Amino acid sequence: MTLPSFSTEGLVVARGDLIEKHCDLSLFSSQRGLLKCRRRLASNKSSMVPDLFSDIEALLNPIGGGKLCFVGEWRLLKSRPGIGLDYRRLQAAGALARMVSLNARWLATFDEASILLGKALDALDEGAPCEAARFKAIFLLVRSEGYPVEEDWRMNWSEKDRRALLSLLLNPIKSCELPTNDIERWRRDLEKWIVAETDFVL
């Protein structure tokens with residue numbers, strides 16, 4: 001049975017190479033979650049395919065029971081060219097997009113993850129501290145899924161670290177002046193806790 005076409009907005013969280021006049025990409029939608037898509041190309045011009053980390057609105061045509069959607073007409077809503085200008089930004093953005101993609105099917109709500117990912121990518125695009133943006137997004141995403149990240153993971157923290165973390169969570173990422181080494185240490189420790197105590201895949 002042929003499924004009807006539908007229009008949706010989403011963020012491009014993965015994009016493959018151009019192969020035989022088509023390109024595969026993954027779109028994360030706040031309404032529908034992760035969508036595996038394919039864009040046919042009339043030529044090998046990459047400009048015909050949405051850029052990685054961009055927000056788009058697209059007409060999707062499901063095939064194979066909806067496991068894959070061909071991308072019809074699409075329009076750019078927002079691009080984030082600044083991410084590609086710095087390897088650390090690209091690395092942080094890729095890690096966050098991958099985390100959302102790997103865990104999309106189990107998320108309680110797509111909307112919250114979409115908002116958090118979009119804000120983190122906006123910050124990275126604008127040149128905010130990479131580790132701060134990455135850590136904050138991971139922390140808030142796990143917390144939004146109901147895990148006791150504040151109560152459990154931070155239980156044995158020093159008062160100094162508690163105050164610093166609270167400042168990072170409550171203030172805009174671009175204003176963060178905490179040492180990168182400290183934030184990276186928190187992130188690695190948080191990721192160990194996530195693997196041990198949650199269903200998230202990293």
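The questions and answers below concern a predicted model.

Q: Why is Arg187 called buried?
A: Buried means under 20% relative accessible area. Arg187 has 4% relative accessibility, so Arg187 counts as buried. Arg187 sits in helix H6, residues 180–197. Leaving aside residues up to four places away in sequence, Arg187 touches Glu131, Arg134, Phe135 and Ile138.

Q: What makes Arg38 and Asp24 a salt bridge?
A: The cut-off is a side-chain nitrogen of Lys or Arg within 4 Å of a carboxyl oxygen of Asp or Glu. The closest N and O atoms of Arg38 and Asp24 are 2.6 Å apart, so the pair qualifies. This pair links distant parts of the chain, with Arg38 in strand S3 (residues 33–40) and Asp24 in strand S2, 14 residues apart.

Q: Why is Arg38 called partly exposed?
A: Partly exposed lies between the buried limit of 20% and the exposed limit of 50%. Arg38 has a relative accessible area of 25%, so Arg38 is partly exposed. Asp24, with 31%, is partly exposed as well.

Q: Which residues form salt bridges with Glu150, and how do you know?
A: Arg143 meets Glu150 at 2.8 Å, N to O, and the closest N and O atoms of Arg154 and Glu150 are 3.3 Å apart. Both distances are within 4 Å, so both pairs count.

Q: Are Arg143, Glu150 and Arg154 buried or partly exposed?
A: Arg143, at 37%, is partly exposed, and so is Glu150, at 27%. Arg154 has a relative accessible area of 11% and is therefore buried.

Q: How many salt bridges does the whole structure hold, and which residues form a network?
A: A search finds 14 salt bridges. Asp55, Lys78, Arg80 and Asp122 are linked in a network of them.

Q: How do you know that the span of helix H2 agrees with its number of residues?
A: Helix H2 covers residues 110–125, which is 16 residues, and at 1.5 Å a residue these should span 22 Å. The end C-alpha atoms are 22 Å apart, so the two values agree.

Q: What caps the N-terminal end of H2?
A: Thr109 does: a side-chain oxygen of Thr109 lies 3.2 Å from the backbone nitrogen of Asp111. After H2 comes Gly127, with a positive phi near 90 degrees.

Q: Why are S1 and S2 said to pair?
A: Pairing needs at least two bridges. Six bridges join the antiparallel strands S1 and S2, so the strands pair. They form a hairpin with two residues between them, and Glu20 in the turn has a positive phi of about 45 degrees. Ile19 stands opposite His22 in S2.

Definitions and conventions. Residues are numbered from 1 along each chain as its sequence is written. This is a predicted model: local features need pLDDT of at least 70, side-chain atom pairs count only at pLDDT 80 or more; totals for chains, interfaces and linings use all residues. Side-chain values use heavy atoms; hydrogens and water are left out. Helices (H or I, at least four residues) and strands (E, at least two) are DSSP runs, numbered from the N terminus. The expected span of a helix is 1.5 Å times one less than its number of residues. A polar contact is a pair of N or O atoms within 3.5 Å; within protein, one must be able to donate a hydrogen and the other to accept it, and residues adjacent in sequence count only if both atoms are side-chain atoms. Buried means under 20% relative accessible area, exposed over 50%, partly exposed in between (1.4 Å probe, protein chains only). Contact means heavy atoms within 4.5 Å.
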